[in-house]
Amino acid sequence: MQYSETKGVILDDLEQKQALALLSGDEAVAMAAFDSGVTLGTGYPGTPSTEILETFETLGGKAQWSPNEKVAMEVAIGVAFSGARALVTMKHVGLNVAADPLFTVAYIRLDGALIIVSADDPGMASSQNEQDNRRYALAAGVPMLEPSDSQEAYEFTLRAIEISERWQVPVLLRMTTRVCHSKTVVRRGTMAIPPPHSPHFEHDFPSRVMIPAYAKPAHRRLRKTLAEIAAWNDEAGPNELIKGSSSLGIITSGIAFQHVREAAPQASVLKLGMTYPLPLERMRAFAASVERCIVIEEGDPYLVEAARTAGIAVDAKPEMYRFGELNSTRVRRILNGDISSEAKPVPGKPPALCPGCPHRNVYTVLKDLGCIVAGDIGCYSLGVLPPFQAMDSLVCMGAAIGVGLGLRHSLPPAEARRVVSVLGDSTFVHSGITGLVEMVYNPPESGHVLVILDNGTTAMTGMQEHPGTGRTLNHAQTGKVIFEDLARSLGVRNVYVIDPAQDLGKFQDLIQSCLDKKELSVVIARRDCLLAARSIREYERCNEQQAD
Amino acid sequence: MNSKPTNVVIAGLGGQGVIKASDILADVAFSAGLDVKKSELHGMSQRGGSVSSDVRFGERVFSPMVPEGEADFLLVIAPDQIPVNAAALRLGGSLIDPSQIDESSLSNKKSINVALLGVLSRHLQFPVEAWTAALERNLPQKLHDANLQAFSIGRAAGQTLEQKIGQKR
């Protein structure tokens with residue numbers, strides 16, 4: 001494959017033959033990023049976004065995991081400042097962590113491209129909430145594209161780069177679980193975009209330094225740019241009109257489009273590819289062209305509210321369909337105005353901690369000692385389910401520490417003494433370190449006990465590396481954050497490293513002694529994840545051989 | 001109007017090769033030049049819980065999810081997952097499950113997912129060579145023999161079943 005100044009990506013004969021592939025949406029985004037010469041992909045693992053960077057790396061792109069989404073976003077912003085193309089990927093809740101840079105980078109005039117992938121999880125297949133991140137595009141003023149299958153995931157990634165470079169703004173590529181993880185047929189090389197700029201730096205203080213004096217005009221510039229993009233979206237945006245019956249018109253976007261086509265093949269459809277800023281005039285004309293116009297969207301009533309605010313008369317789905325994913329059956333019900341209760345699926349077998357998982361021993365001990373456990377996000381969240389039922393809270397990444405401290409500060413002493421914060425190694429790096437600083441800075445009277453479940457990998461999302469493993473995304477050796485050294489350097493005196501699977505009694509004695517101390521303790525329960533242990537040994541062996 | 005796609009739901013428990021089986025089936029349909037969509041949920045389901053995967057193929061497929069009660073074939077690897085997924089199957093659709101296979105004849109018991117694909121292959125129009133090729137593309141070399149054997153056993157069992165049904169008719 002090569003680049004041409006005029007034609008962009010050119011595939012040779014062999015690649016042309018291989019150009020048709022069955023890919024997940026995540027893989028298609030990665031392929032587009034690779035085909036368009038993205039310089040760096042950054043992110044933090046999170047279902048359903050994780051495979052994008054892994055695939056990008058496999059294809060030959062440069063990709064790296066950051067400690068969390070905020071840092072990943074900031075690194076990507078720096079790449080875009082150089083004129084190069086940057087891709088940053090995360091799950092929907094990750095964008096909350098990265099929201100701080102998001103809202104301000106929207107004001108900044110970029111030299112290169114900045115593509116932000118938000119992989120939302122309607123229905124919460126593997127998440128703690130089902131927030132609809134289309135709201136972020138509106139709130140931050142960031143143009144947004146929503147693919148509905150893998151072909152569009154490929155093409156919209158390329159379009160996002162074009163839009164980002166043309167208007168010098170970041171672009172949000174908003175995907176959902178069924179787009180990320182469904183495999184559909186993709187034809188590669190269907191569209192050409194110009195090659196990337198050569199990276200270089202020029203000072204441009206008013207464009208990139210968001211002190212109030214420069215941010216005020218920058219905000220006005222952003223609104224002007226968004227108005228231009230809205231006009232373009234009305235004229236030439238990636239939206240599709242399917243002419244059908246004049247009695248029923250459906251405005252839709254993303255995966256909902258596919259369900260609509262299945263459920264109502266006869267209807268006229270306006271399928272929106274760019275859902276911020278919206279092509280309101282197209283929507284208005286479409287609504288006027290049909291007898292009944294209804295908006296079918298998954299999640300929040302985002303399109304409906306925007307249409308109605310603009311004075312476009314549209315029907316909306318009943319509130320009960322805000323919850324969970326849509327499918328063609330639910331779309332049929334929406335079209336029929338059916339609000340009768342839906343058939344409940346037969347409950348399947350819930351997931352459980354693997355037999356022999358080291359986390360099992362930790363929860364056995366915490367339960368036996370009657371602990372109040374402020375928990376966190378990872379495989380170990382399964383400690384809330386039977387047989388353990390030993391985790392009392394889960395809020396967001398890293399919250400175990402702050403929540404545990406808050407409980408210690410306010411509970412009566414007899415209960416406060418039983419509070420333990422529990423979080424995993426990757427979660428600790430992601431946003432537990434600041435919690436640990438808080439613990440040292442504002443220690444509760446009863447002290448506190450933090451247990452880091454260090455299984456040497458980001459197990460929940462499929463065994464990704466993180467700064468605590470000392471290996472990069474592609475498992476090569478790199479700098480390693482050593483938790484016990486970090487805790488000691490912050491002034492925690494009681495720091496212990498123990499294998500919870502080796503001697504249950506010893507582990508229980510240690511936790512008991514920490515609870516009795518009325519001081520700050522950090523217990524690192526370290527044993528490799530059963531599923532990852534073999535790979536970890538292999539990576540270590542390869543890295544040692546290379547070092548020799 | 002396009003002809004309706006063929007709908008297959010594959011179900012089982014985490015670690016049984018549900019996703020691998022659906023990858024192989026989707027690959028066979030894709031190689032035959034059909035439009036294919038395949039969908040499942042990742043994440044929590046990996047930890048031994050219920051897993052199911054939808055595969056749809058035909059001239060044109062829209063939604064990646066098999067609509068409830070419209071599966072032509074329900075292939076279940078763990079018998080206790082049959083009631084969980086039964087609602088997926090259409091009236092007159094076929095259930096394919098381990099009771100149709102003599103598991104003791106498999107050289108590797110883990111290949112039961114592929115054996116059940118062998119049974120399914122009897123119901124579909126794809127040539128056996130397409131299945132063999134897809135198996136080899138989707139599995140590491142060292143597992144080829146065991147899985148090709150499992151596929152043949154399933155395919156033979158599928159034929160026996162067909163004959164039985166034929167006699168009943």
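Visitor: Which strand of chain B is joined to β10(A)?

Guide: Strands pair if DSSP finds at least two bridges between them. Here two bridges join β10(A) to β2 (residues 35–40) of chain B, and the strands run antiparallel. T184(A) stands opposite K37(B). Strands are DSSP E runs of at least two residues, helices H or I runs of at least four, numbered from the N terminus. This is a predicted model: local features need pLDDT of at least 70, side-chain atom pairs count only at pLDDT 80 or more, and totals for chains, interfaces and linings use all residues. Residues are numbered from 1 along each chain as written, with chains lettered from A and ligands numbered from 1 in written order.

Visitor: How many residues does each chain bring to the contact?

Guide: Contact means C-beta atoms, placed from the backbone, within 7 Å. Chain A brings 29 residues and chain B 30. On chain A's side, α9, β10, α12 and α15 each supply at least two, and α12(A) has the largest share, four residues.

Visitor: Why is α16 of chain A called largely enclosed?

Guide: A residue is buried if 20 or more other C-beta atoms lie within 10 Å of its own, exposed if 12 or fewer, and partly exposed in between; those atoms are placed from the backbone. Eight of the 11 residues of α16(A) (358–368) are buried, so the rest of the structure largely encloses this helix. Among them are H359(A), Y363(A) and L366(A). The buried residues pack against β16, β17, β18, α21 and β20 of chain A. Just after the helix, G370(A) takes a positive phi of about 65 degrees.

Definitions and conventions
Contact = placed C-beta atoms within 7 Å.
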